Structures are given as structure tokens and as C-alpha cells.
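I set each term down with its cut-offs where I first needed it.

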Amino acid sequence: MKAFLYGTALQWRLDLRSKSLLITCYVVPLLFYALMGGIFTSINPESKATLIQSMTVMGVSMGALIGLPPSLVEHYGSDVKKMYSANGVPLYLGILSMSLSAFLHLLIMCGVITLTAPFVFDASLPRNLPLYFGSLAVFLAVSLSAGCALGLCVKSQAKLTMISQLLFLPSIMLSGILFPISLLPRFLASAGKIFPAAWGYRMMTEEGVYWQNLLPLAVLLSAAVLLCTLLLKRLQKE
């Protein structure tokens with residue numbers, strides 16, 4: 001446990017110096033929030049009720065799908081993996097420490113949005129903050145597990161950049177944060193349900209964690225964890 005906590009603390013400090021993580025977990029999500037928050041509330045004042053949730057979904061999705069995977073490719077595609085094997089350190093400790101570090105960074109970004117939106121854009125705070133942050137934690141875990149699976153699947157940074165963007169864009173467009181899902185054709189609305197963003201947004205905007213929202217996220221999390229386990233075993237043999 002001490003080794004894991006030390007590795008997580010070290011990863012946290014490394015991430016603070018990472019320009020890519022700084023951009024994807026802080027700069028771009030907060031700039032998008034500052035720009036689009038004003039546009040959303042000007043065009044549709046009713047969006048103030050869900051502004052915090054929609055900007056949070058966008059920021060978490062960007063950090064998990066675009067920010068985390070390249071770090072995993074760099075980590076497991078370098079001599080770090082050999083050092084793990086040489087010292088008898090399980091490969092999964094690396095992915096756990098990186099995921100936990102990204103979780104904390106994204107949680108801070110979400111906290112900034114939650115604290116500032118009521119003052120800057122007159123947005124409505126979630127009625128039940130403990131329940132909201134509990135839903136956010138679930139959404140963060142599922143999104144980061146999907147990002148981990150993506151980072152372990154693709155070994156080329158160039159291909160990973162393209163694939164990450166191909167997954168991120170429909171995840172946001174079909175999640176309901178930009179416009180109601182009811183405006184989408186039925187097949188697109190159904191396609192959006194394969195992404196964590198759609199379920200996370202629904203769970204954070206509703207006043208309770210209903211099973212019809214939590215169960216799909218649990219399925220996505222289980223599938224991502226299983227895929228990560230299989231990919232780590234393959235890496236161990238290489």
C-alpha cells in the first residue's frame with residue numbers, strides 16, 4: 001500500500017508538469033466553460049439549470065478520452081514496463097496510479113466549475129450536492145476506465161490521437177449537453193447510449209441515482225476493467 005501511495009503521489013507531481021494533461025484537464029475544459037457558458041445562458045436562459053452538469057460532462061470526457069490515453073501509451077510503451085517486470089511490480093499499479101491522479105485532477109476542475117458557475121453565469125447548483133458528487137465520482141470512474149482501455153489498445157500516438165477524437169466528438173454531441181436528445185433521430189439517440197457521457201449527464205441532472213442510469217454505467221465499467229485486465233496480461237507476456 002505504501003508503494004502504491006508513493007507511486008500515486010509521484011504520478012500526481014509528474015502530471016502537474018505535463019503540458020498535455022494541463023491542457024486537456026484544465027485549460028481547454030475551463031476555456032470551453034467560460035466561453036460556452038455565456039453563450040448557452042444567453043441563447044437559452046433555461047440552460048442555467050443544467051449548465052454545471054453539461055460543462056462537467058464535457059470536461060471529464062475530454063480529460064478521460066483525450067488526456068489520459070496518451071500518457072498510458074508513453075508509460076507502457078517505454079522502458080518503464082521493463083522496470084516494472086525487473087522489480088516484480090505488477091503492471092496494474094501503473095494504470096491505477098495514473099487513473100487516480102487523473103481522477104483527482106478532473107475532480108478539481110469539476111469543483112472549479114461547480115463553485116464559480118452560480119456567480120459567473122447565475123447557474124443553479126445541484127439540489128443535493130453529496131448525491132451530485134457521488135454521481136460525478138461514478139461517471140469519472142467509468143470515463144477513466146474507458147480511457148485506460150483505449151490507451152492500452154492503441155500503441156501508436158498518431159493513431160491514438162485520431163481515435164480519441166473520433167470517440168470524444170460523438171460522445172459529446174450525442175450526450176444531450178449541447179441540445180436535447182429528443183431532437184436527435186432515434187438511431188443517433190440510441191448510438192449515444194454506448195458512451196458514458198450520456199448516462200453520466202442523465203444521472204447528474206436527475207434528483208436521484210436511478211438504476212436505469214447506474215446499471216448501464218456499471219456495465220460499461222465492468223467491460224472496460226475486463227478489457228484492461230486482458231490487455232495488461234498481454235503486455236506482461238510481451
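**Entry 1: a charged pair**

I began with Asp-122, which is exposed, with a relative accessible area of 52%; here buried means under 20% relative accessible area, exposed over 50%, and partly exposed in between, with a 1.4 Å probe and protein chains only. I noted that this is a predicted model, in which local features need pLDDT of at least 70 and side-chain atom pairs count only at pLDDT 80 or more, while totals for chains, interfaces and linings use all residues. Residues are numbered from 1 along each chain as its sequence is written, and side-chain values use heavy atoms, with hydrogens and water left out.

Asp-122 is found in the loop between α5 (92-120) and α6 (129-153); helices (H or I, at least four residues) and strands (E, at least two) are DSSP runs, numbered from the N terminus. I also looked up the backbone of Asp-122, and phi there is positive, about 55°, although Asp-122 is not a glycine.

Which side chain does Asp-122 meet in a salt bridge? I found that the partner is Lys-48, at 3.7 Å from N to O, where a salt bridge is a side-chain nitrogen of Lys or Arg within 4 Å of a carboxyl oxygen of Asp or Glu. Lys-48 lies in the loop between α2 and α3 and Asp-122 in the loop between α5 and α6, so the pair ties together parts that are 74 residues apart in sequence. Lys-48 counts as partly exposed, at 24% relative accessibility. By this rule I count one salt bridge.

**Entry 2: the chain as a whole**

I then stepped back to the protein chain, whose secondary structure comes to 10 helices and zero strands. Of its 238 residues, 45% count as buried. Contact means heavy atoms within 4.5 Å, and among the contacts in the protein chain with a separation of 6 or more, residues 24 or more positions apart account for 77%. The protein chain exposes about 12400 Å², and carbon and sulfur atoms supply 70% of it; accessible areas come from the Shrake-Rupley method with a 1.4 Å probe, and for residues only the protein chains shown count as cover.

**Entry 3**

Val-27 lies in helix α2 (residues 19-43) and is partly exposed, with a relative accessible area of 36%. I reminded myself that an α-helix has 3.6 residues a turn, so residues three or four places apart point the same way.

**Entry 4: the largest cavity**

How many cavities of 30 Å³ or more are there? The count comes to two, and the largest has a volume of about 50 Å³. On a 1 Å grid over the protein atoms alone, a cavity is a set of points where a 1.4 Å probe fits but cannot get out, and lining residues have an atom within 4 Å of a point. Grid points are joined across faces, edges and corners, and a volume is the space filled by probe spheres set on the points.

The lining of the largest cavity includes Ser-61, Phe-139, Ser-171 and Pro-196. I saw that α3 (51-76), α6 and α9 (196-205) each supply at least two residues of this lining, and the largest share, three residues, comes from α3.

Ser-171 has its place in helix α7 (residues 157-173) and is buried, with a relative accessible area of 2%. Leaving aside neighbours within four places in sequence, Ser-171 is in contact with Ser-61, Leu-65, Phe-195 and Ala-197. As for α9, this helix is mostly covered, since eight of its 10 residues are buried, including Trp-199 and Tyr-201.

**Entry 5: two buried residues**

Gly-147, found in helix α6, is buried, with a relative accessible area of 0%. Apart from residues up to four places away in sequence, Gly-147 touches Ala-64, Leu-65, Leu-68, Pro-69 and Leu-72.

Ile-52 and Met-204 are 152 residues apart in sequence, and their C-alpha atoms are 9.5 Å apart in space. Not counting residues up to four places away in sequence, Ile-52 touches several residues, among them Ile-113, Ala-117, Leu-125 and Tyr-132.

Note on methods
On a 1 Å grid over the protein atoms alone, a cavity is a set of points where a 1.4 Å probe fits but cannot get out, and a pocket is an open set with protein on both sides within 12 Å along at least five of seven lines; lining residues have an atom within 4 Å of a point.
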